[in-house]
Amino acid sequence: MEMKLSRGPWMRRQLATLSSPLQTVYSSSSLSPIPPISNPLKPSTNPPSLAHSSSYGRSFSLSAAATLQPSLSPTLSENSCIPVIGSKVLLKGMRYHELEKWLQSHGYRPAQALMLWKRLYGNNIWAHDIEELQGLNKELKRMLGEHAEFRVLQLKDMLTASDGTKKILFTMEDGLTIETVVIPGPRGRTTVCVSSQVGCAMNCQFCYTGRMGLKRNLSAAEIVEQTVLARRLLSHEVGTITNVVFMGMGEPLHNIENVIKAADIMVDEQGLQFSPRKVTISTSGLVPQIRRLLKESNCALAVSLNATTDEVRNWVMPINRKYNLGLLLSTLREELQLKRNYKVLFEYVMLAGVNDSIEDAKRLIDLVQGIPCKINLISFNPHCGSKFKSTSEEKMIEFRNILAASGCVVFMRFSKGDDQMAACGQLGNPGEVQAPLLKVPLKFRAALEASSV
């Protein structure tokens with residue numbers, strides 16, 4: 001059964017906002033033009049391209065009004081890759097070589113750039129104002145006070161779930177809010193889950209964030225600072241934060257420019273010092289961006305699969321209508337041949353009566369053949385407005401055992417932080433106007449109705 005993308009009033013407004021080539025807006029903090037965000041759900045008539053553009057300061061709203069709102073988010077300085085907000089540069093939006101070059105333009109030596117870098121990210125300092133820059137000379141601190149901005153996020157609230165998971169709410173210059181989650185794990189493994197966008201354009205039907213639509217991309221500084229502040233605020237309580245996952249609000253590869261830059265800053269050996277294999281970037285399946293990420297970054301890749309047929313994936317993950325299972329998986333087979341000792345992580349949210357049958361398990365085994373991979377079976381986390389239900393633990397175990405018997409490396413991931421809406425797929429605040437729920441295929445309606453009883 002072929003399924004078509006709903007073209008109701010809400011969707012038409014979103015497509016017009018995302019894809020119009022005539023729309024250019026300006027940040028309130030500069031007069032630099034900001035390119036429109038492309039629509040990843042719009043069917044492509046051309047082969048996938050690796051073309052991309054900078055996304056600092058994008059300010060498109062996916063509210064029902066679909067208006068273009070002025071933004072206080074960071075932009076790029078003229079003829080430069082250095083991010084600015086107002087008249088000040090964003091220190092956490094620069095890679096080390098960019099910071100070094102900027103300081104040299106003000107007459108300072110490379111050694112002073114390294115000292116500043118280590119105080120921003122290393123030595124358990126995590127400085128967020130000039131008063132915390134011990135060891136730097138007064139002239140450098142004066143210059144930084146006049147020309148640099150240390151912080152782009154403000155702590156709004158912190159919630160603690162019964163299992164120790166922390167959900168941190170940050171506000172930004174434009175008043176928008178993002179959510180970051182810190183997840184304590186076994187054997188000293190503590191993970192910070194960072195957001196890459198305010199909202200999300202993918203409209204995955206099982207995800208609460210997707211109900212928001214997309215407000216804007218986050219800058220590299222806004223992404224990096226989530227990790228820095230998580231360490232600053234919680235290291236004394238949860239210990240060293242060892243892992244980063246780009247699995248918070250947003251589709252990371254829809255903001256690939258800033259995500260790659262943020263990941264580069266996180267893995268710098270003189271700074272935050274995360275191992276590239278312990279920084280995982282997740283995607284719903286944007287094929288051209290997957291190719292670029294695998295070529296430019298050594299960080300781990302996670303792909304949200306969540307279905308074994310195009311019919312189901314078209315419904316629960318509309319991005320499949322542009323990049324279907326065949327294209328997605330063949331791309332991974334091709335690209336991973338070029339990377340040594342590298343495995344992709346497939347995420348599979350289990351939805352009762354939708355994708356958790358024995359036949360699904362057998363199809364999944366066939367789909368991942370020839371792809372070096374691990375599989376995470378994830379318990380669905382309910383939220384208001386969703387018709388989906390979690391697969392029972394017994395059925396998840398049965399599903400896992402079928403995969404394991406075939407030689408697949410498979411893990412089960414159960415909810416953490418769900419009593420504070422901090423679990424996978426629960427972040428965000430959709431508000432009164434929400435993205436549309438898509439029509440349920442006829443063959444699954446009875447299953448959803450039965451699971452809701």
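Residues are numbered from 1 along each chain as its sequence is written. Because the model is predicted, local features need pLDDT of at least 70 and side-chain atom pairs count only at pLDDT 80 or more, while totals for chains, interfaces and linings use all residues, and side-chain values rest on heavy atoms, with hydrogens and water left out.

Helices and strands are DSSP runs numbered from the N terminus (helices H or I, at least four residues; strands E, at least two). On the H6 side, Ile256, Glu257 and Ile260 meet Gln289, Arg292, Leu293 and Glu296 of H7, where contact means heavy atoms within 4.5 Å. By class, three nonpolar, one polar and three charged residues make up this contact; Ala, Val, Leu, Ile, Met, Phe, Trp, Tyr, Cys and Pro count as nonpolar, Asp, Glu, Lys and Arg as charged, and the others, Gly among them, as polar.

How enclosed is H6 by the rest of the structure? Nine of its eleven residues are buried, so H6 is largely enclosed; buried means under 20% relative accessible area, exposed over 50%, and partly exposed in between, with a 1.4 Å probe and protein chains only. Among the buried residues of H6 are Ile256 and Ile260, which also take part in the contact with H7.

Turning to the aromatic rings, a search of the whole structure finds six pairs. Rings of Phe, Tyr and Trp (its six-membered ring) pair if their centres lie within 6.5 Å; planes under 30 degrees apart count as stacked, over 60 as edge-to-face and the rest as tilted. Tyrosine 96 and tryptophan 117 form an edge-to-face pair, with ring centres 5.5 Å apart and planes at 80 degrees. This pair joins helix H2 (residues 96-105) to helix H3 (residues 110-121), its members lying 21 residues apart. Tyrosine 96 is partly exposed at 22% relative accessible area, whereas tryptophan 117 is buried at 1%.

Tryptophan 315 and phenylalanine 388 make a tilted pair, 5.5 Å centre to centre with 40 degrees between the planes. Tryptophan 315 is buried at 2%, and phenylalanine 388 is buried at 5%.
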